[in-house]
Amino acid sequence: MLKLPPQIADAIVSLRPGAIWSCGPDYSSLVWMDTVQTKPSESDVVAELQRLQQVYENTEYQRLRAKAYPSIEDQLDALFHLGYDGWKAQIQAIKDRYPKPTE
């Protein structure tokens, strides 16, 4: 799960895992040093960046839920004091507040 919006480097790593390269903020600064994998085209990088952006947007609920969930210690305390059903209700309230998108 990407915790920050995807950048060009994320797209390159996704397209050519383990490749050797360096890059600034845009494709024109990409220096390809890998002798095994071919340099991805700019259109391939742009398409992958768009795909990764869509994944990022589709998983926003996960990042929101992660911030809202109580710590593990607090969840264990809730289990002890409220029982399984009380703990489950607390977690379900967060899931309801940040629902998983349906497609």
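In this predicted model, the charged end of arginine 63 sits over the ring of tyrosine 56, at 3.7 Å from the centre of that ring.

**Arginine 63 and its partners**

- Arginine 63 is buried and yet has no salt bridge, and the nearest side chain of opposite charge, that of glutamate 60, is 5.4 Å away; a salt bridge would need a side-chain nitrogen within 4 Å of a carboxyl oxygen.
- The side chain of arginine 63 makes a polar contact of 3.2 Å with the side chain of threonine 59.

**The helix around arginine 63**

- Arginine 63 belongs to helix α3, which covers residues 60–68, and the buried residues of this helix are Tyr61, Arg63 and Arg65.

**The aromatic pair**

- A search of the whole structure finds 1 aromatic pair, and it is formed by tyrosine 84 and tryptophan 87, whose rings lie 5.7 Å apart from centre to centre and are tilted, with 40° between their planes.
- Tyrosine 84 and tryptophan 87 are 3 residues apart in helix α4 (residues 72–97), so about one helical turn separates them.
- An α-helix has 3.6 residues a turn, so residues three or four places apart point the same way.

Conventions
Residues are numbered from 1 along each chain as its sequence is written. This is a predicted model: local features need pLDDT of at least 70, side-chain atom pairs count only at pLDDT 80 or more; totals for chains, interfaces and linings use all residues. Side-chain values use heavy atoms; hydrogens and water are left out. Helices (H or I, at least four residues) and strands (E, at least two) are DSSP runs, numbered from the N terminus. Buried means under 20% relative accessible area, exposed over 50%, partly exposed in between (1.4 Å probe, protein chains only). Lys and Arg count as positive and Asp and Glu as negative; His and the chain ends are not counted. A polar contact is a pair of N or O atoms within 3.5 Å; within protein, one must be able to donate a hydrogen and the other to accept it, and residues adjacent in sequence count only if both atoms are side-chain atoms. Rings of Phe, Tyr and Trp (its six-membered ring) pair if their centres lie within 6.5 Å; planes under 30 degrees apart count as stacked, over 60 as edge-to-face and the rest as tilted. A charge sits over a ring if NZ of Lys or CZ of Arg is within 6 Å of the ring centre and within 35 degrees of the ring normal.
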